Amino acid sequence: MRDCFLSILFICIFSVGFAQKVVKVCGEYTYYVPNNVSLEQAKQTAINRARLEALIKEFNQTVYQSNTSIISNKNGEASSDFYSYGGSEANGEWIEDTKEPTINTFTEHNQIVIKAEVCGKARERKSSGVDFNSKVLRNGTNDKFASDTFVEDDYLYLSFSSASDGYLCVYLLDRESQEVFCLLPYSNSPNGAVKVEHDKRYVFFDPDDRNQPECQYIDGNIYLTCSREIEYNEVYVIFSPNNFSKANGSKIKGEHLPRELSFKDFQKWLVSCQTKDKDMKVTKHLIEIKRK
């Protein structure tokens with residue numbers, strides 16, 4: 001028994017020793033705002049790119065490029081088309097901010113410029129990650145309705161597909177109240193996360209779609225409200241091939257409303273999940289809501 005206990009203890013220590021190291025990183029980015037981008041969206045873009053710069057500085061980046069030549073023959077005449085696709089990806093992932101991002105806005109040559117400075121915790125990306133696609137849809141269930149701009153009382157849907165089987169949770173952050181609402185799993189569901197299959201397109205929050213997982217728990221459409229001229233919300237799409245459970249939010253008794261919790265508690269839960277699960281991936285969609 002003693003030898004067995006020592007073996008288990010050794011395995012635990014060995015695993016902890018090789019856990020991914022979390023480090024503190026800082027970065028900054030100067031964003032020249034295009035005319036067709038709102039100030040709030042520009043601030044979020046500047047913050048995201050500052051985080052990316054911090055990750056690249058700490059963990060470097062992977063640069064990739066693919067070149068393809070297509071030769072065709074039409075009416076006896078040969079033609080050649082050349083296609084090139086490239087990009088880069090940071091070899092790390094952002095876990096959480098350690099302090100509020102600093103935003104400075106000024107004008108340069110009649111153009112609005114935003115400088116963002118961020119500091120936070122990050123870790124090196126060891127796994128290849130999971131590949132999924134999500135789109136926020138406005139007043140329609142086809143992907144052609146994808147939008148980041150809504151008007152109050154518009155319906156919100158989510159299109160989702162993944163390359164692998166896994167588990168999904170979706171949250172909505174009200175940036176005005178700093179409250180977070182659990183949209184998926186549905187409020188009456190007893191499950192911690194929604195199980196989804198690979199290579200299958202889902203449309204969530206549609207009460208008429210009986211093919212979506214847990215359709216028996218959906219109460220009705222999700223429509224967006226707006227108490228000011230313009231408000232901004234964020235939709236968090238959280239996916240992992242490993243099972244996990246939603247945050248422990250509270251439910252308003254007698255109301256068909258999503259479970260809710262403070263943004264602080266939500267962040268604490270999300271950081272804990274990402275720290276434990278290196279395969280978890282989070283995509284955030286910033287949406288703008290206008291009054292009628």
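**Exercise 1.** Determine which strand gives the largest share of the lining of the second largest pocket.

*Solution.* Strand 11 gives the largest share of this lining, 3 residues. Strands are DSSP runs of E with at least two residues, and helices are runs of H or I with at least four, numbered from the N terminus. The model is predicted, so local features need pLDDT of at least 70 and side-chain atom pairs pLDDT 80 or more, while totals for chains, interfaces and linings use all residues. Residues are numbered from 1 along each chain as its sequence is written, and side-chain values use heavy atoms, without hydrogens and water.

**Exercise 2.** State where M280 is found and whether M280 is buried or exposed.

*Solution.* First, locate the residue: M280 lies in the loop between helix 3 (263–276) and strand 16. Next, consider its accessibility: M280 is buried (under 20% relative accessible area, where exposed is over 50% and partly exposed in between, with a 1.4 Å probe and protein chains only), because its relative accessible area is 3%. Finally, list its surroundings: beyond neighbours within four places in sequence, M280 is in contact (heavy atoms within 4.5 Å) with residues including E93, I238, F244 and L270. The C-alpha atoms of M280 and S240 are separated by 4.4 Å, although the two residues are 40 residues apart along the chain.

**Exercise 3.** Identify how many bridges join strand 14 to strand 16.

*Solution.* Strands pair if DSSP finds at least two bridges between them. Strand 14 (residues 230–240) and strand 16 run antiparallel and are joined by 10 bridges. Within strand 16, K281 stands opposite F239.
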